[in-house]
Amino acid sequence: MMKVLEKQRLQNQIALVTGASSGIGSGVAKALAADGATVVVNYASSASGAEKVVKEITDMGGKAVAIRADVSKEDQVLEMYRQILEQFGTLHILVNNAGLQKDAAFVDMTLEQWQYVLDVNLTGQFLCAREAAREFIRRGVQPEISKAAGKIICMSSVHELIPWAGHANYATSKGGVMLLMKTIAQELAPHKIRVNSIGPGAIKTPINHEAWETPEAAAKLLTLIPYNRIGEPADIGEAAAWLASDESDYVHGITLFVDGGMTLFPGFTANG
Ligand SMILES: NC(=O)c1ccc[n+]([C@@H]2O[C@H](COP(=O)([O-])OP(=O)(O)OC[C@H]3O[C@@H](n4cnc5c(N)ncnc54)[C@H](OP(=O)(O)O)[C@@H]3O)[C@@H](O)[C@H]2O)c1
């Protein structure tokens, strides 16, 4: 259940969260709304999922609308931004979250599986970040609203760092997101645009349900997580709200791993 926070760090800010009809994106949308932002809940196919998130936000007194767009399609991304600017005048926060997996052993992976994941997970982030940056530069800093002209948060993964057999397309997309994020952080800093990533570990969402829905699978997964619990979308939502707020104004060009220690190489805990 979403709770509207007393401290509204994102008041008067418009936020776009891509892929917010499910999982981590819905957790991020709710956390930003609880912190005062007006949230655009983007989705590709699940209108009912997006409407449910919008309703949860508005029921708690927050502000949200749903907009459909496939982030891998330039014309649809441009149309989504046109609608956002027409409806709200500007944008302050982009959370580049939409993403998916199409897993296959490397030797069996089809070009279609490879291309689809790269198109959504990497090209989608490029297209949405480019349009956000154009708007942030056009508008410039509004000191009464935020110290930055805009904030871009890329949803990466522990797999920007940890190789992942059977998921070459996905791991490649997240490795690409890492250098896309760092490069545009370097390039956009003079415009007072802050760019960072979040690297979630294992978070309970539909994308990885096989890894946590049976007790056996969950126990196996926990051997990879020193903190010994599987993450929830709200864990990522809290991190995103902080990264979008002025409390993190000097944080720029980093990946904040939110992973219960998965990137600590737990396989070495009792090994040598
Ligand atoms: N769950 C984890 O453990 C984990 C760990 C590390 C990183 N991540 C990353 O977190 C992000 C969200 O994953 P999740 O676990 O929350 O997955 P999820 O529950 O399957 O949600 C994926 C979201 O992405 C949207 N989406 C898919 N293709 C899209 C497209 N072409 N255009 C716009 N939206 C699209 C989906 O919308 P529709 O349903 O409407 O199509 C859905 O809202 C991904 O980038 C993923 O790589 C997840």
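Residues are numbered from 1 along each chain as its sequence is written; because the model is predicted, local features need pLDDT of at least 70 and side-chain atom pairs count only at pLDDT 80 or more, while totals for chains, interfaces and linings use all residues. Side-chain values use heavy atoms, with hydrogens and water left out.

## Around the ligand

D70 places a polar side-chain atom 2.8 Å from a nitrogen atom of the ligand. The backbone takes part as well: a polar backbone atom of S45 is 2.9 Å from a ligand oxygen, and a backbone N or O atom of I203 lies 2.8 Å from an oxygen atom of the ligand. On its own the ligand has 900 Å² of accessible area, and the protein covers 90% of it. Accessible areas come from the Shrake-Rupley method with a 1.4 Å probe; for residues, only the protein chains shown count as cover.

## Salt bridges

Side chains of opposite charge can pair when their charged atoms come close. A salt bridge here is a side-chain nitrogen of Lys or Arg within 4 Å of a carboxyl oxygen of Asp or Glu. By this rule the count comes to 15 salt bridges, including the pairs in this table.

| Pair | N to O distance |
|---|---|
| D59 and K55 | 2.8 Å |
| R130 and E74 | 2.8 Å |
| R194 and D249 | 3.9 Å |

To describe the partners, buried means under 20% relative accessible area, exposed over 50%, and partly exposed in between (1.4 Å probe, protein chains only).

D59 and K55 sit four residues apart in helix α2 (residues 47–59), about one turn of the helix. D59 counts as exposed, at 53% relative accessibility.

The side chains of R130 and E74 also meet in a salt bridge. R130 lies in helix α4 (residues 111–139) and E74 in helix α3, so this pair ties together parts that are 56 residues apart in sequence. R130 is partly exposed at 21%, and E74 is partly exposed at 41%. Both belong to a network of salt bridges that links E74, R130, E131 and R134.

R194 and D249 form a salt bridge too. This pair links distant parts of the chain, 55 residues apart: R194 is in strand β6 (residues 193–200), and D249 is in the loop between α7 (233–244) and β7 (255–258). Is R194 buried or exposed? R194 is buried, with a relative accessible area of 6%, whereas D249 is partly exposed at 27%.

## Residues in loops

H92 is in the loop between α3 (74–88) and β4 (93–96). H92 is buried, with a relative accessible area of 5%. Its side chain makes a polar contact of 2.9 Å with the side chain of Q142. Leaving aside neighbours within four places in sequence, H92 is in contact (heavy atoms within 4.5 Å) with residues including N12, F136, R139 and K151.

L161 lies in the loop between β5 (150–155) and α5, and is partly exposed at 48%. Not counting residues up to four places away in sequence, L161 touches F257 and T263.

Finally, consider two backbone angles. K192, in the loop between α5 and β6, has a positive phi of about 65 degrees although it is not a glycine. N228, in the loop between α6 (215–222) and α7, has a positive phi of about 65 degrees and is not a glycine either. K192 is partly exposed at 48%, and N228 counts as exposed at 51%.

How values were computed: Polar contact = N/O pair within 3.5 Å; in protein donor to acceptor, adjacent residues only side chain to side chain.
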